[in-house]
Amino acid sequence: MPPSSIEQPPPTERPSARPTVAPTLTDRLARIASGLIGGPFGDHAVDPPSRRYWTPVRVILLTGLIAFAINWLQKYPCAAGGWTDWSQYTQACYTDIRALWGAERLNEGFVPYRDHPVEYPVLTGWFMGILGQIAYRLGNVLGTDGGPIFWHLNAIVLFICGAAAIAILHKIREDNRRTDLPGPNPDPALVYSRPSRPWDAMMLAAAPVVLVTATVNWDLFAIALSMPFFLYWQRSRPIMAGLFLGLAVAAKFYALLFIGPLLVLALRQRKLLPALQATATAAVVWAVINAPVAYLWRDSWMRFFELNSERPVDWGTGWYVLRGVTGWERLWDSEYVNDLYLVCFAVACLGIAALGFFAGGARDRVQRGLAWPVPGAGRLASADDVVPRLAQLCFLVVAAFLLFGKVWSQQYVLWLVPLAVLARPKWGAFLLWQAAELFYFFSFYGKMLQVSAEEEGRGIPEWLFLTAAGSRWIMVAVMCALVVQEILIPRLDPVRGLRSRPKREAAIPPPRATSDPAPAEAP
């Protein structure tokens, strides 16, 4: 039986002469910062550069490895455990990985789910369980505490996951293919009509929050599994995209939010079958991973779902800030907040779905032959790139989940960073958002110190913590507004590389008539 034609990538060949975006020419902040290394890309520079070794992906990966090394040093004081005088807060080095070594009884050789319920999805539980068994056995052989071994093993594997995520994001942006074109075999010139943007991956590698949150939890593992979903979907391989989507959901549930935007765009483009294939594959993969645990140790498997439904309003969420600013006592009721969250998130998702389905609709209908251009309404070319991009909608949905959720742990910012890079690769607002996240990160530990130490003068006051949490909420909302703006006005979207509309040239005024005739030449 011949293989499915839908799973095979379309026979498109990348154009040989394809423009590559130089960030110093397209991003104002990158242009200013380039003054430190010689200035923007010049008129006499070789394009493409004739470098042999320091290719963009190697420079970006080196930057990422340096960031991971700094994170390792930043968390090192907490690696040994035995935290005294609240050192995990005073040095801002707290990590769930080290804390859960004892809390999940990995230090006793327990196997997650079988011997002890775990508060994480199954694939993350297996991740910690396998490394936990290695650390436990090595500790017994070496006659030492396995806790530091466990943390360092996790850090190494998570750094590998982070490097993989950076490399895959680089590949996504290097190809930068369009997925909104009609027909099974679109014109290769249109598929690759967007410029190559390999340097966008630098935003993930150099994101300031990576320096302090990379090893707070196991989120880099889920991110490394979610990035291939976007790569394979861009390459028109829905089965492989669904495979990695199922793995990502089995590691962290946030990846489940990608399915909604996927189906909305599929309905809009009347290409529902590939999206259904990806979704069905993801469901099968998730079920295969979860079924044995759910069957053998059901109570342990249900712990994750029960914990998320029972948790009260978490530190630093929008609801916490609203309660602190207004004094609304009803927000102490977790069930009431659950209902508010569901309503707000549902309304946000409906709005995002409408945006994805209708934005740029007139041009899209003309492109697909469903309507005719209206005379005098402006030229609508068949190659107009107006359909919202999948990454834009995914960023908005995940951001809405965090903005209206009752839990917003500090490491959740890692979910948004690669999506933000794919949705809006502009440094200015990105770094302002990162600054707000860092402000919250250190304020959070100041608040934890104030609550835990219960000593006069330790930690930070409540108003400062509310300011930090509110700043983070506002900046994420601003990022959402900017993404929505670029969906509505595609020419502002740097990923599409659309030319700005030509401006009308000012009419040249006729020469002013002179009242006096020109003087006659002297004889």
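**Close-up 1. D385 is a buried residue in a predicted model.** At 2% relative accessibility, D385 counts as buried (buried means under 20% relative accessible area, exposed over 50%, partly exposed in between, with a 1.4 Å probe and protein chains only). This is a predicted model, where local features need pLDDT of at least 70, side-chain atom pairs count only at pLDDT 80 or more, and totals for chains, interfaces and linings use all residues. Residues are numbered from 1 along each chain as its sequence is written, and side-chain values use heavy atoms, with hydrogens and water left out. D385 sits in the loop between α18 (361–367) and α19 (390–404). Helices (H or I, at least four residues) are DSSP runs, numbered from the N terminus, as are strands (E, at least two).

**Close-up 2. The surroundings of D385.** Beyond its neighbours within four places in sequence, D385 is in contact with R178, D180, R194, P490, R496 and L498 (contact means heavy atoms within 4.5 Å). Its side chain makes a polar contact of 2.7 Å with that of R194, and another of 3.0 Å with that of R496. A polar contact is a pair of N or O atoms within 3.5 Å; within protein, one must be able to donate a hydrogen and the other to accept it, and residues adjacent in sequence count only if both atoms are side-chain atoms.

**Close-up 3. The disulfide of C78 and C93.** The structure holds one disulfide (a pair of cysteine sulfur atoms within 2.5 Å). C78 is joined to C93, S to S 1.8 Å. The torsion about their S-S bond is about 60°, so the disulfide is right-handed. C78 is buried at 0% relative accessibility. C93 is buried at 0% too.
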